[in-house]
Amino acid sequence: MSIETASATKATVATATPAPIDTTAASLRAVYIIWYRDLLRYWRDRWRVVASLAQPLLFLVVFGSGLSSSLGGGAFGSRTGFTYIQFMYPGIIGMSILFTAIFGAMSIVWDREFGFLKEVLVAPIDRWAVAIGKALGGTTQAMIQGMILLVLAPFVGVKLSLLTILAMIPLSAVLAFGLASFGVMLASMMKSLQGFQVVMNFLMMPMFFLSGALFPLQGLPTWMTWITRLDPASYGIDPLRRVVLSDSGQAAAVDRFAMTIGGQVLPIGLEVGIMFAFGAVLLGVAVVMFQRRD
Amino acid sequence: MGEAVIQAKGLVKKYGELEAVRGIDLDVKQGEIFGFLGPNGAGKSTTISMLCTLLSPTSGTASVAGIDVVHDPARVRQRIGLVFQDPSLDDQLTGRENLEFHAFIYSVPAAKRRERIDKMLDLLQLTDRAGSQVRTYSGGMKRRLEIARGMLHEPQIMFLDEPTLGLDPQTRRNIWTHLNDLRERTGITIFMTTHYMDEAEYCDRIAIIDRGQIVALGTPDQLKAMVGGDVVTMTSTKPEEAASEIEKVLHVVPTRDDGTLRMEVPDGRKFVPRLVRELTVPVDTVSLRRPSLDDVFLKLTGRAIRDEEASTQDRMRAMASRWMGRRR
């Protein structure tokens, strides 16, 4: 660099009195770049995308085929007109969204462990930006992950119209948002990676099993019916299933799987509302947790 | 060198009963490279964290760039650049992407983003590797990238907490060359901590901190002048007898470290021949040198700064972070 440039730079620093930053605008920019970074990392980690397809496939092919034959195959079908694998398919999309959203948002814990979070927390931005940016990052990754699974539809005998696919986008977004917010809230309470195994075994797995991803949430023992209705993921997976299967059979048949409360099938709109409210409340909690200085 | 850009008065930080920082007063001038020198656990990081608004002081006041660190931390952060002791880069992103991320969260105007990133990459000689993921960088390159990132939003003051920790000597020199160069080019004020005595020589002024207090403050030459003259060390197979003889005959009280005797004398060139002539016990080796900052530290605290111990620890840390980085 030449001498002139050097002295010019010197002059700028000496006289620089940075214009006061509009913190809200700065925080919104931060939300964007935090979200963008997560997506960049997601695409860069190709193996993760490939590996994340393995588990759903294993469930559909091995678990699905095995279970439907041992159940006598037709039993499921004769009652509803659907095979077990068809039933399970939207549930597996839900599973993918569930794990990707929570893991994605919980990457905050990794960022804390490896020091990067410090770079974000000391910046002149509001901390809500971190919580929201991460929640949106997890949401987007999970949505992409769920949409990738649509390519499996023809192999499991599920018909999808364009309209159905369009309807799935907001539904998976709401499910992903609710769970990503849940993940951010968990991450805001965890100081190290140590609690991660606990979260995985005691929160994520039960949430998955009780969500209706693998079996209809009907005719269950009362205690279990209660827990499944308390599982937020149920309210995200049920509408997804109803929409995905709508092109493959009679609406009445589809409704036979639908989640009921007090014998009433819940309207999809209400389920979506519940899921969204769940996400919004937990994200609010996460924001408060982040604003307490550590 | 102009007015004070960092001022601290009676800064104290307590953790329960433990007093990590016990009343620190400081004045750092515009354009200075100010070194904060002391052994591990002396309170260096705690002090720098309070000045950077990352920790709030238990008592005392401090202002950075004329802004109170307690009352207006956000405005302080806007005007300072930080390089942390522990790595804080995203090593899955490229060097340039790390800088872009920083430019966004520090509200660097969109029109200037690219230009400033290019400039900082150039200043720290990272342009060639800007497009590679950070996990492929060497330790020195990562540090340089962190320095580039810290300067991206054109801060008035750079704070660096042990910027050369865990790096090999050659890389450490290289980082110093860059810091000096940056100061020359931009007139930025640099405040840094280190426990490497030799590095403090690069600073304009140094504060030596021990057990949470500043025990000496001045230019490296001023501090070394505190030792008074030269340092003579000698080894003998009979160090005890030699010590008592030196005290009796030459009226100097040596300090002993195993078989080595160490003396501070006003004029070493004249002292050495006398030493050799007057002693009756066998003298194995004699050496004469100008005092170093180690001698200053030893004189002030009665202890040597434990460099060996520290460097073992650093190596472990560096190793641990490499492993973690890979696992990521």
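Residues are numbered from 1 along each chain as its sequence is written, with chains lettered from A and ligands numbered from 1 in the order written. In this predicted model, local features need pLDDT of at least 70 and side-chain atom pairs count only at pLDDT 80 or more, while totals for chains, interfaces and linings use all residues.

**View 1. Chain B, overall layout.**
The C-alpha atoms of chain B fill a box of roughly 75 × 40 × 40 Å along the principal axes. Its secondary structure comes to twelve helices and 14 strands. Helices (H or I, at least four residues) and strands (E, at least two) are DSSP runs, numbered from the N terminus. Chain B is divided into domain 1 (4-224) and domain 2 (229-290); such bounds come from an automatic or database domain assignment. The C-alpha centres of the two domains lie 42 Å apart. Of the 328 residues of chain B, 43% count as buried. A residue is buried if 20 or more other C-beta atoms lie within 10 Å of its own, exposed if 12 or fewer, and partly exposed in between, with C-beta atoms placed from the backbone.

**View 2. Strand E1 of chain B and its two partners.**
Strand E1 (residues 4-15) pairs with strand E2 (residues 18-29) in the antiparallel sense over nine bridges. Two strands pair if DSSP finds at least two bridges between them. E1(B) and E2(B) form a hairpin with two residues between them. In the turn, B:Gly16 has a positive phi of about 65 degrees. B:Val12 has B:Arg22 as its bridge partner in E2(B). E1(B) also pairs with strand E4 (residues 59-64) of chain B, antiparallel, over five bridges. There, B:Ile6 is bridged to B:Val64.

**View 3. Helix H5 of chain B and its surroundings.**
H5(B) covers residues 139-151. Its 13 residues should span 18 Å at 1.5 Å a residue, and its end C-alpha atoms are 19 Å apart, which agrees. The expected span is 1.5 Å times one less than the number of residues. Ten of the 13 residues are buried, so H5(B) is largely enclosed by the rest of the structure. Among them are B:Leu145, B:Ile147 and B:Met151, along with B:Arg143 and B:Glu146. The buried residues pack against strand E6 (80-83), H3, helix H4 (110-123), strand E7 (157-161) and H6 of chain B. Contact here means C-beta atoms, placed from the backbone, within 7 Å.

**View 4. The side of chain B that touches chain A.**
Contacts join 29 residues of chain B to 28 residues of chain A. Helix H2 (73-79), helix H3 (95-105) and helix H6 (169-186) of chain B each supply at least two residues of this side. By class, it has 13 nonpolar, seven polar and nine charged residues. Nonpolar means Ala, Val, Leu, Ile, Met, Phe, Trp, Tyr, Cys and Pro; charged means Asp, Glu, Lys and Arg; the others, Gly among them, are polar. The predictor gives the complex an ipTM of 0.85 and a pTM of 0.82.

**View 5. B:Asp257 in strand E12.**
B:Asp257 lies in strand E12 (residues 255-257) of chain B. This residue is exposed, with 12 other C-beta atoms within 10 Å. B:Thr235 is 22 residues away in sequence and 9.7 Å away in space, C-alpha to C-alpha.

**View 6. Confidence along chain B.**
pLDDT is the predictor's confidence in each residue, from 0 to 100. Chain B has a mean of 86, and 92% of its residues reach 70 or more. Confidence is highest in H3(B), at 96, and lowest in helix H12 (residues 307-327), at a mean of 50. Over residues 307-311 the pLDDT is below 50, and this stretch has two contacts in the model beyond near neighbours in sequence.
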